[in-house]
Amino acid sequence: MLEIGSLVDGKYRVLNKCGQGGMSVVYMAMNERANKTWAIKEVCKDGVQNFDVVKQGLIVETDLLKRLNHPNLPSIVDVIDGDGSFLIVMDYIEGKTLKDVLKEYGPQPQESVIDWAKQLCDVLGYLHSRKPPIIYRDMKPSNVMLKPDGSIVLFDFGTAREYKISSMEDTTCLGTRGYAAPEQYGGHGQTDPRTDIYCLGATMYHLVTGHNPGEPPYEMYPIRQWNPNLSAGLENIILKCTQANPADRYQSCAELLYDLENYQMVDTRVRAKMLSKFRKFAVTAVLAAACGVGALSFHILEQSESNNTYDTYIDNAEKSSGEQKIDYLRQAINLEPTKEEAWNLLESEYESDLVFYSDEDQELQSIMMTTGSNRNKSNIDMFQSGNSDAYEAFCYKVGLLYYYYLESGNGKAQAATYFEEVKDSDSLKESDKESDLEMVAKAERLYEISKYYTQLGTEDKAGEQVISYQEYWDDLTELSAGNLVELTNKQTALVMYQEQVSQMMLYTTEFKDAGVTEDDMLDQIANMEEHLDSDFGDDLSTAQKNSMETLKSTIEQAKTVISSTYKTVGNQ
């Protein structure tokens with residue numbers, strides 16, 4: 001075991017012991033050079049059976065976490081493989097596990113549980129959106145850390161796996177009794193995103209009732225059986241999450257998140273009122289039919305059936321706006337997920353107001369992950385397998401949507417998933433269309449920037465810069481090469497230029513220190529101005545004109561900042 005006060009790998013000073021599990025001990029340590037606190041998880045060879053197997057599992061876990069970037073996930077900064085132990089250096093997370101919260105305070109208020117569940121939905125949705133999807137499989141209170149600010153962190157990825165389409169079932173049972181879904185037990189099918197939804201439902205059950213589903217009577221009763229004051233809506237949500245048949249659960253975290261945000265509307269009393277209104281309507285319809293309007297009713301039904309075609313949904317969508325338009329597009333996609341027109345109209349609608357709102361993000365994910373009643377694949381999987389070229393072009397547009405327009409401003413990590421689809425496309429790379437090849441080139445650059453965007457200005461465990469500003473400069477300048485209007489559209493091109501010049505202003509000093517000259521920066525701005533003059537023409541919408549004026553103003557500010565920065569440097 002590590003000694004308090006000892007120096008690990010010449011960098012980490014062990015401060016104290018934080019906790020101990022069955023196979024590992026966790027310490028708080030300080031990187032004295034960087035003045036940064038970390039946690040060190042130590043697994044010693046002594047006392048651990050099959051240490052090599054355990055060690056391999058830890059390597060898989062750390063490799064998995066290194067590829068992820070989400071505020072509700074810990075970051076791995078170092079792995080130290082010693083002769084008698086295996087050390088993982090990761091974020092130090094201050095707080096209590098939800099297991100400890102339950103032990104100390106008992107059942108938690110449903111508002112708190114719903115808030116935590118929404119955060120967990122977000123992080124699970126992020127994991128499920130990876131390519132291939134990552135299934136966590138061990139959601140439970142002891143694996144969720146509650147920080148003092150109310151945010152949560154999901155840790156312990158020892159049972160996580162990447163979803164394999166070709167696999168019919170998991171070969172091992174991994175998870176925790178009471179929280180694990182039926183398919184986690186060998187021979188009962190393959191785990192998929194719906195498995196995590198089951199585990200989250202079981203976790204909510206435990207948090208809100210105080211009854212551990214892994215202890216006698218090993219059964220989850222309706223939560224209001226334990227506390228009649230709990231919401232019927234939340235009860236229905238948990239019951240739906242924990243259905244034995246995955247097809248009867250929520251099919252995506254986006255669907256679950258929507259109901260959690262509107263749990264009061266899910267309440268059975270509301271549903272009962274709606275059912276009552278429907279019955280009254282049905283009675284009225286029958287009486288109307290008896291009064292001689294049966295023929296008209298039949299005509300309406302017949303007309304409705306004929307309207308349920310893809311082209312009709314598209315026509316109706318083009319004549320509509322807002323939620324009605326989205327609803328028509330959703331129905332078109334559910335009907336014919338391999339056709340690209342509805343997908344492209346959907347992306348354009350989200351982009352049209354220049355902001356991609358969080359509820360629109362959830363809505364898009366829900367549409368993507370919806371599975372038709374007569375098929376086993378989600379809409380987006382059907383699109384990918386049935387129309388790969390259109391799917392990859394759509395991925396590029398959605399990547400731009402997340403990268404430039406997401407309301408929170410933190411869409412870079414999500415964008416990387418879509419850009420990866422484009423940059424790895426063999427068909428696009430072999431295309432004889434210049435636009436396809438340029439799309440791949442842009443996607444490659446955007447993918448790289450997306451991966452390290454949040455690491456700009458940060459230092460690694462040795463105190464060195466994680467990302468080179470020269471690399472960042474090269475990627476930024478490559479993005480603006482060519483005609484962005486032809487590759488995307490006028491509005492997106494303007495946003496891309498605005499992003500670039502804003503980054504030039506923000507990191508002028510860092511670019512200078514990395515070796516970028518003043519001429520390099522001014523030449524890049526001149527190149528941008530040439531494209532603004534030659535590529536956009538006079539036919540601009542009001543929004544595009546406003547964006548153009550804003551961009552030109554930013555360019556002038558950037559010139560001043562660059563001149564001032566290099567003049568100051570020259571006078572030193």
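Predicted model: local features only at pLDDT ≥ 70, side-chain atom pairs only at ≥ 80, totals over all residues.
## Sheets, helix contacts and salt bridges

In strand S2, Arg13 is the bridge partner of Leu7.

**The six-stranded sheet**

- Leu7's neighbourhood is an open sheet of six strands, and reading across it the order is S1-S2-S3-S4-S6-S5, with antiparallel pairing.
- At the edges you'll find strand S1 (7–8) and strand S5 (76–81), each of which pairs on one side only.
- If you're wondering what holds neighbouring strands together, strands of a sheet pair through backbone hydrogen bonds, either parallel or antiparallel.
- S1 and strand S2 (residues 12–20) run antiparallel and are joined by two bridges.
- Further in, strand S3 (residues 24–31) pairs with S4 in the antiparallel sense over eight bridges, and as part of this Ala29 stands opposite Trp38 in S4.
- S3 and S4 also make a hairpin, with four residues between them. Have a look at Asn35 in the turn: its phi is positive, at about 55°.
- On to the next pair: S4 and strand S6 (residues 85–91) are antiparallel too, paired over seven bridges. Lys41 has Ile88 in S6 as its bridge partner.
- Is strand S4 (residues 36–44) mostly covered or mostly uncovered? Mostly covered, since seven of its nine residues are buried.

**The three-stranded sheet**

- Another open sheet is built from three strands in the order S7-S9-S10, again with antiparallel pairing.
- Its edge strands are strand S7 (96–97) and strand S10 (152–154), and each pairs on one side only.
- Helix H3 (residues 110–128) packs on this sheet and touches S9 and S10. The direction of H3 makes about 40° with that of S10.
- S7 is joined to strand S9 (residues 144–146) by two bridges, and the two strands run antiparallel. Here Thr97 stands opposite Met145 in S9.

**Helices packing on helix H14**

- H11 and helix H14 (residues 388–405) have axes that come within 10 Å and cross at roughly 10°. Angles under 35 degrees count as roughly parallel, so H11 is roughly parallel to H14.
- On the H11 side, the contact is made by Glu340, Trp343, Asn344, Glu347, Tyr350 and Glu351. H14 brings Ala390, Phe394, Lys397, Val398, Leu401 and Tyr405.

**Salt bridges**

- The structure holds 11 salt bridges.
- One of them joins Glu349 and Lys325, whose closest N and O atoms are 3.3 Å apart. Glu349 sits in helix H11 (residues 340–351) and Lys325 in helix H10 (residues 322–335), so this pair ties together parts that are 24 residues apart in sequence.
- Are the two partners buried or exposed? Glu349 is buried, and Lys325 is too.
- Glu529 forms a salt bridge with Lys559, with 3.0 Å between the closest N and O atoms. This pair links distant parts of the chain, 30 residues apart: Glu529 is in helix H22 (residues 518–535) and Lys559 in helix H23 (residues 542–571).
- Lys559 also meets Glu556 in a salt bridge (3.4 Å, N to O). These two are three residues apart in helix H23, so about one helical turn separates them.
- Put together, Glu529, Glu556 and Lys559 are linked in a network of salt bridges.
- How exposed are the members of this network? Glu529 is partly exposed, with a relative accessible area of 26%. Lys559 is partly exposed as well, at 28%, and Glu556 counts as partly exposed at 43% relative accessibility.

Technical notes:
Residues numbered from 1 in each chain as written. Heavy atoms only, no water. Pairing = 2+ DSSP bridges. Salt bridge = Lys/Arg side-chain N within 4 Å of Asp/Glu carboxyl O. Buried < 20%, exposed > 50% of the residue type's maximum accessible area, 1.4 Å probe, protein only. Axes fitted to C-alpha atoms, helices over the stretch in contact; angles between N-to-C directions. Parallel < 35°, antiparallel > 145°, perpendicular 65-115°, else oblique. Contact = heavy atoms within 4.5 Å.
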